[in-house]
Amino acid sequence: MMKTNDFALFGAEPEFDKALPVGQLYFPSWERYEASFRGIFERQYYTNNGPLHQKLEEKLQDFLGVKHAICVSNATLGLMMVADALELSGKVILPAFTFSASVQSLTWAGLEPVFCDVDPDTHQIALDQINALIDEDVSAIMGVNLWGGSCNPKALSELAVSNGVQLYFDSAHAFGCTVDNMPIGNFGHAEVFSFHATKILSATEGGCVCTNDNDLAARLRSIRPSYGTEKPVSIVRVANARMSEAQAAIALMSLEDFPANQKNNEHLFHLYAEQLDMIPGLHLVRPTGVSFSNYQYVVCRVNEHEFGLSRDLLIELLKAENVIARRYFYPGLHRSIPYAQKLPQYLDRLPNTDNLCASCIQFPIGALVSAQAVERICNILKKAHQAASAIRSHYAQ
Ligand code: T4K
């Protein structure tokens, strides 16, 4: 039987001195940061459609080939703004396997979520279950492009048109990805990206709403609110979703470095894939439905029976080694407050979402992760599999 005493959980030295978090966590060099912030100080202009904010919107429009990139202070507010700008009412269909922000944006807009299950392999919304969820109260579908893959925006668009409902996307995970060489950002009525620090394009906090619809863009810019709009238009209410010059400065550097950061992610992802494919019970999710991926997530399904340890025990074991793996979307939107109480009809209807919430694990990848770190993380995983039964018995004591 393998020994447990070379694991930090049982008293050994941790594998890493410093915590290795999940998330992209991009930091520009100090020199570039200083030069960029010197400009903000010289201009003495912090926010409200400033020159860096305007430059970022232009650069994003070019990069994504979209008519309007409307920068906001975070993606959650961006999603709330889209619900208002599209004048949605009643119910909106979305997958239950996503971050709470997707559904919270609906609740803030006074809309009722209709939870759809996901595909067990791709983790994207189950297209074949959508028609059955549509009734006269449904005004829209919110697709969510997960894990640097896509939820098949073309098929979703056909479904939305044939049912006479609107379509928009939470594309928080999909910046820089393409579908049949068309950049994500161009599908549906609007798409929302997150520029949170953990995303491949970082503004520290931030996001942007993309659309090719001029009228919708005018409404969105008026909601944001209207600094810089050519002509404010009539809207339901105004938010404060402005992006500051400091956020735009970081985002501009991050956009410039996107090709290098994407390449780094892709390289690390393939290193993980080579190693993980040799470990029984760890099933890596490859980004699907895209012609180009940002590879910003390494997500595995843990088969407890094959691997030997539960997902949650593996997280504990890695945490002691200073590898901060996470279970991500837990326990699923349909089981979270307030939806489990208010909409109990979904509790026994989403078996794939339940399975994924119980078995998914996310490993570190991004600017702070080196190839050697991936190698060392995978070695811990191999050792954990080999020592699984000893670990289980020791842990149970
Ligand atoms: N839709 C989807 C599908 C999303 O995943 C998200 C957000 C949204 C919409 C909404 O986007 P935003 O409104 O946030 O723009 C994080 C992020 O806050 C959130 O952006 C992200 N998705 C979500 C899945 O994860 P937390 O609070 O669980 O992660 P956090 O901030 O604790 O960071 C993760 C790890 O990184 C931690 O171990 C700490 C470490 N870290 C983090 C930061 C920010 C650092 O070491 N340094 C740092 O500066 O939510």
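Me: Which residues are in contact with Ser202, leaving aside its neighbours within four places in sequence?

Reply: They are Phe195, His196, Ala197, Ile250, Ala251 and Ser254. Contact here means heavy atoms within 4.5 Å. This is a predicted model, in which local features need pLDDT of at least 70 and side-chain atom pairs count only at pLDDT 80 or more, while totals for chains, interfaces and linings use all residues. Residues are numbered from 1 along each chain as its sequence is written, and side-chain values use heavy atoms, with hydrogens and water left out.

Me: Why is Ser202 called buried?

Reply: Its relative accessibility is 2%, and buried means under 20% relative accessible area (exposed is over 50%, partly exposed in between; 1.4 Å probe, protein chains only), so Ser202 counts as buried. You will find Ser202 in the loop between β9 (190-194) and β10 (207-211).

Me: What does the side chain of Ser202 reach, and at what distance?

Reply: The backbone nitrogen of Thr204, at 3.1 Å. A polar contact is a pair of N or O atoms within 3.5 Å; within protein, one must be able to donate a hydrogen and the other to accept it, and residues adjacent in sequence count only if both atoms are side-chain atoms.

Me: How do you know that the span of helix α1 is close to what is expected?

Reply: Helices (H or I, at least four residues) and strands (E, at least two) are DSSP runs, numbered from the N terminus. Helix α1 has 14 residues, and the expected span is 1.5 Å times one less than the number of residues. That gives 20 Å expected, and α1 reaches 20 Å from its first C-alpha to its last.

Me: What puts the buried residues of α1 on the same side?

Reply: These buried residues are Ser36, Phe37, Gly39 and Ile40. They cover an arc of only 140° around the axis, so they share one side of α1; the arc is that of the directions from the helix axis to the C-beta atoms. They pack against α2 (51-64) and α7 (245-256), while the face turned away carries the exposed Trp30, Glu31, Phe41 and Glu42.

Me: Why does Met81 count as buried?

Reply: Met81 has 2% relative accessibility, which makes it buried by that same cut-off. Met81 lies in helix α3 (residues 75-85) and touches Val72, Leu220, Ile223, Arg224 and Ala241, not counting residues up to four places away in sequence.

Me: How far is the ligand from the side chain of Asp170?

Reply: A nitrogen atom of the ligand is 2.6 Å from an N or O atom in the side chain of Asp170.
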